[in-house]
Amino acid sequence: MRVLVVEDDPDLNRQLVAALSDAGYAVDKAMDGEEAYFLGETEPYDVVVLDIGLPKMDGISVLEQWRRADRNMHVIILTARDRWSDKVAGMDAGADDYVAKPFHMEELLARIRAQVRRASGHARAEIECGPLRLDTKTARVTLDGQPVKLTSHEYRLLAYLLHHTGRVVSRTELVEHLYDQDFDRDSNTIEVFVGRLRKKIPPHLIKTVRGLGYRLSPEKDEA
Amino acid sequence: MKLNSLAFRLFRTAAVWAVLVLPLAGLTIDWVHKRDTYQSFDARLSQLLTLNIAFSTDKGGPEPTIPRNVGEPLFELAHSGWYWQITPLDKSPGKRLVSTSLASETLPLPSKLDLAPDRYNIIWHEARGPVGEPLRIAETLYNSGDDENPHFYSFLVAGNLEFAETRVRDFRVPLIFSLALAGLGLVLSTFLQVRYGLQPLRTVERRLAAIRSGEADLLDGQLPAEIEPLQTELNALIQSNQDIIERARTQVGNLAHALKTPLAVITNEVGDDTSPAARKVAEQATVMRDQVSYYLDRARMVARADVIGRVTEVRPVAEAIARALARINRDRDIAISVECAADARFQGEKQDLEEMLGNLADNACKWASSQVLITIATEVRAGERHSHRLLIAVDDDGPGLTPEQRAQGIKRGRRLDETKPGSGLGHSIVADLAQSYRGHFRLEQAALGGLSARLDLPAV
């Protein structure tokens with residue numbers, strides 16, 4: 001999952017990027033409104049953590065412009081301005097959630113997980129596909145109840161596929177959602193990680209749809 | 001009409017004028033008229049006396065004769081009150097002559113009463129006539145002889161004083177009526193002047209009320225030149241008041257941002273560090289967070305205190321908050337509904353209504369099982385200063401609170417369940433805000449089964 005952190009305070013920005021990266025997200029950062037608008041306009045983020053009080057362009061304006069441009073990624077507003085008028089303005093501008101400063105990182109991570117689940121249509125914190133189970137709270141994957149040891153990149157790939165169980169996901173989409181903008185985007189990398197995953201989980205779960213991409217599905221027989 | 005009003009002052013001035021000055025003027029006019037009437041009466045008697053002498057001595061003899069023409073027909077009418085009498089004095093030749101009206105009666109001679117004559121040698125006296133009528137008598141002594149052989153005669157003319165007295169009396173009726181009419185007219189004209197003259201002040205009063213109720217922003221419109229400076233100063237005051245509020249809000253917002261972002265950094269920097277120092281920093285950061293929130297809210301309230309001219313339509317605010325909360329809680333399958341009276345208008349700041357309603361609805365959403373109901377009604381209470389009231393109820397179908405918990409629930413920082421997120425300041429902020437608007441906040445048992453948070457606020 002790819003997250004954009006928009007926060008002008010360098011310390012807080014650093015903390016957010018570190019915490020989200022540790023939680024397994026591909027994270028990009030922006031320090032002002034214009035940069036945030038550009039990134040949100042050009043990159044396919046799953047979730048954006050957006051501060052309201054930003055230099056160059058305020059967060060509400062950035063959000064409104066994204067929504068006008070039909071950018072429908074989930075946005076969590078993060079701000080010190082915690083009056084209800086600010087919250088209502090933020091939600092009316094198109095935000096999906098609101099976190100007031102100062103906040104606990106765990107609370108923000110929980111909100112981000114909720115938005116990621118919501119984006120893929122999952123109401124519960126656990127996502128299952130056959131014997132495979134992902135606990136989004138703890139970022140743990142189990143197979144028939146047994147933990148599956150995964151590297152960071154493997155976890156990101158499997159988690160994305162689990163969030164989109166049953167849907168064909170292209171290699172491009174995977175690259176765009178699993179890596180930040182600084183990553184060397186070689187689609188072969190995806191194939192390498194898919195190969196590694198197939199060795200750790202039942203191989204039939206990840207189907208290759210020729211010319212289109214991959215699909216995670218519990219069924220064994222594919223047409 | 002109030003005793004300390006301008007209208008009463010003007011009325012009092014007019015009343016004093018009417019009660020004191022008009023009677024005094026009446027007395028003066030009556031006195032002048034009476035004097036003129038009696039002077040005219042005397043002048044008439046004096047004239048008749050002169051005629052009497054002239055027409056009774058024009059034959060050249062030493063004795064006066066009956067005057068040919070006395071110029072007054074009433075001398076011929078018996079006991080008319082108008083008489084003349086010629087009386088020889090000191091053995092002067094001739095006999096006493098009298099007017100037909102006097103018949104056989106005799107009038108007393110003032111000259112015998114030792115009265116002083118006026119500068120025309122006329123002796124004036126008042127006496128009763130043959131039938132008791134009041135008489136004014138003018139007498140003069142005439143010498144038809146010479147210094148060596150004088151022949152003195154008393155020439156006397158009397159007039160009925162009732163003529164003069166009636167005239168004086170008759171004049172008083174229209175005089176009193178006219179002055180009473182003048183007094184009434186004065187009071188009436190003062191009343192009209194007050195009504196017309198003070199009309200601009202009433203206009204100012206109405207427009208200020210409109211500003212206070214939020215129907216107008218400034219004291220606009222054309223007002224008389226005397227009130228224009230007041231209008232200008234009031235508008236400047238209102239504008240200044242609004243500017244101060246806006247500046248205070250901006251500064252509070254900036255302060256919030258300036259304090260809360262570093263607090264967030266501190267809180268997250270210690271993160272999962274379990275060392276005593278890190279725990280102490282985390283603990284103190286939490287205390288600072290709560291204190292900052294509390295005093296920022298207080299600062300906002302102080303900045304808002306008694307701000308004038310603000311009215312907020314309630315329905316859009318309630319619907320916006322319900323919309324925002326529905327979006328935030330969309331995974332929890334909670335139905336948030338708003339039932340709002342069409343005429344619900346809060347007499348106060350939109351941000352404050354949002355803060356109260358938002359905190360209550362947010363709290364209701366945290367505890368609700370499936371339903372939150374926001375009900376807004378209006379009420380008019382006769383006899384109260386702010387008679388129009390806005391009644392807000394935010395009900396949920398959650399577990400609710402016991403009566404003891406409800407009493408504790410609105411105290412500052414009191415969190416009845418630590419498992420739900422929040423600083424515990426929500427209800428106390430609502431209570432403080434409601435109180436600052438001279439409103440009330442209380443917690444009750446909801447019909448839905450959970451908690452019912454109720455607000456009673458001023459409405460328009």
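Hi everyone, let's start with one pair of residues: Thr375(B) has Ala393(B), in β10(B), as its bridge partner. Strands here are DSSP E runs of at least two residues, helices are H or I runs of at least four, and both are numbered from the N terminus. What we are looking at is a predicted model, where local features need pLDDT of at least 70 and side-chain atom pairs count only at pLDDT 80 or more, while totals for chains, interfaces and linings use all residues. Residues are numbered from 1 along each chain as its sequence is written, and chains are lettered from A and ligands numbered from 1 in the order in which they are written.

Back to our pair. Strand β9 (residues 371-380) of chain B runs antiparallel to strand β10 (residues 388-396) of chain B, and nine bridges join them. Two strands count as paired if DSSP finds at least two bridges between them.

Let's look inside. The largest nonpolar core has 107 residues, and those with the most contacts inside it are Val3(A), Val49(A), Leu50(A), Ile321(B) and Ala361(B). A nonpolar core is a set of buried Ala, Val, Leu, Ile, Met, Phe, Trp, Tyr and Cys residues joined through C-beta atoms within 7 Å. Buried means 20 or more other C-beta atoms within 10 Å of a residue's own; exposed means 12 or fewer, partly exposed is in between, and the C-beta atoms are placed from the backbone. Which helix gives the most to this core? That is α6(B), with eight residues. If we skip neighbours within four places in sequence, Ile321(B) is in contact with Trp84(A), Val88(A), Glu354(B), Leu357(B), Gly358(B) and Ala361(B). Contact means that the C-beta atoms of two residues, placed from the backbone, lie within 7 Å.

So how do the chains meet? The contact takes 26 residues from chain B and 26 residues from chain A. On the chain B side, the elements giving two or more residues are α4 (228-270), α5 (276-304), α6 (314-328) and α7 (350-367).

α4(B) has 43 residues and reaches 63 Å from its first C-alpha to its last, close to the 63 Å expected at 1.5 Å a residue; the expected span is 1.5 Å times one less than the number of residues. Its buried residues include Val252(B), Leu259(B) and Ala264(B). After α4(B) comes Gly271(B), with a positive phi near 40°.

Now over to chain A. It has eight helices and twelve strands, and of its 223 residues, 43% count as buried. For chain B, the numbers are nine helices and twelve strands, with 29% of 460 residues buried.

Take Ile52(A), found in the loop between β3 (47-51) and α3 (59-68) of chain A. Is Ile52(A) buried or exposed? Ile52(A) is buried, because 24 other C-beta atoms lie within 10 Å. Beyond four places in sequence, its contacts include Asp58(A), Ile77(A) and Gly90(A).

One last stop: a hairpin. β11(A) and β12(A) form it with three residues between them, and Gly211(A) in the turn has a positive phi of about 80°. The two strands, β11 (residues 206-209) and β12(A), pair in the antiparallel sense over four bridges. Within that pairing, Lys207(A) has Arg215(A) as its bridge partner in β12(A).
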